[in-house]
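This report concerns cavities and charged side-chain pairs. The sequence and structure are shown first.

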Amino acid sequence: MALNSAQPKETYSSDTGKNDERDWPHFVCGAGAAATNIIVTFPAYKVMFRQQVEGLRFRKALQQVLKEGASNIYRGVFPPLMQKGTSLALMFGMYNKFQKDLSRCLTNAPSAATNASAAMLAGTVEAVLTPFERVQTLLSHRGHNERFKNTFDVFKILGKDYGFREYYRGLTPILLRNGPSSVLFFGLRGPIKSTLPEAKTSIGNAFSDFVSGAVLGACLSTLFYPINVVKSHMQKQLGGEFISFRKAFITVFRERKGSVRRLFYGVSLNYTRALASWGVINCSYEMLESWLSHGYLLNKTKHGLT
């Protein structure tokens with residue numbers, strides 16, 4: 001089945017345009033949807049990260065994080081706050097822009113192909129934010145607790161002592177993750193919502209957005225989880241050889257004693273966190289976009305009448 005062959009009963013504004021040719025609301029709504037989500041879910045990320053990097057079970061990882069004290073729980077939150085806010089702004093904003101531009105240029109192309117191409121391009125553009133993920137990884141790794149003071153200190157030391165290239169360590173797994181996951185997210189969220197009971201109220205519609213975003217986000221997060229494990233392994237290194245994704249994967253696989261199950265340590269917490277995160281992101285994005293579009297169209301109608 002084509003990615004966008006089915007549409008929800010109430011179509012996504014980001015997929016239709018709603019006669020609103022502005023680009024900036026999609027960037028603003030993406031950033032707004034990310035901020036609260038990061039603050040709420042960061043402690044869970046910290047525990048999951050320890051499971052990814054050190055192959056720990058949940059209880060051991062939780063005990064480790066709690067033992068380090070409350071002051072360290074939100075250590076490293078600024079990079080993901082900036083990264084995720086900017087990332088979602090680019091994800092939704094660039095998808096909308098690429099979709100419109102490609103539709104105008106490729107008038108005979110199937111909409112599914114146009115939308116998939118727009119999503120792949122948007123996901124690829126997100127990779128420019130790799131330095132934020134790089135810094136977040138270094139701050140979250142306990143081996144660097146004494147080395148770095150804060151986010152700005154990491155950025156300064158990386159550039160000064162190791163060079164610009166060090167900011168983009170782990171770029172390959174990020175590219176392997178971002179593009180395909182964006183294609184699946186934008187292609188499937190409409191069809192998933194269409195399978196839910198038809199919403200009769202705005203609250204019901206918001207709930208449908210939450211459920212469709214939560215289910216899709218959690219599934220995609222699980223699907224690409226091993227790639228994130230390898231990415232974390234690559235980015236925890238400070239200086240030295242830049243190894244390939246293939247070599248890093250083999251190293252991690254051997255460290256986990258050749259167990260596929262151990263590659264998914266932390267996935268249960270990641271799945272739960274993704275359910276909440278992408279439910280909130282999808283729901284809040286659609287609400288914000290709807291409010292901005294509604295206000296814009298009201299003002300346009302008002303000025304048109306006068």
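Glu-133 is buried, at 7% relative accessible area (buried means under 20%, with a 1.4 Å probe and protein chains only). The model is predicted: local features need pLDDT of at least 70 and side-chain atom pairs 80 or more, while totals for chains, interfaces and linings use all residues. Residues are numbered from 1 along each chain as its sequence is written, and side-chain values use heavy atoms, without hydrogens and water.

A search of the whole structure gives 13 salt bridges, each a side-chain nitrogen of Lys or Arg within 4 Å of a carboxyl oxygen of Asp or Glu. Three of them are tabulated here.

| Pair | N to O distance |
|---|---|
| Arg-177 and Glu-133 | 2.7 Å |
| Glu-133 and Lys-231 | 2.7 Å |
| Asp-209 and Lys-193 | 2.9 Å |

Asp-209 in helix H10 and Lys-193 in helix H9 are 16 residues apart, and both are buried. Lys-231 is also buried, at 9% relative accessibility.

The structure holds 3 cavities of 30 Å³ or more. A cavity is a set of points on a 1 Å grid over the protein atoms alone where a 1.4 Å probe fits but cannot get out; lining residues have an atom within 4 Å of a point.

Definitions and conventions:
1 Å grid on protein atoms, 1.4 Å probe; cavity = no way out; pocket = protein on both sides within 12 Å on 5 of 7 lines; lining within 4 Å. Points joined across faces, edges and corners; volume = space filled by probe spheres on them. Buried < 20%, exposed > 50% of the residue type's maximum accessible area, 1.4 Å probe, protein only. Helix = DSSP H or I, 4+ residues; strand = E, 2+ residues; numbered from the N terminus.
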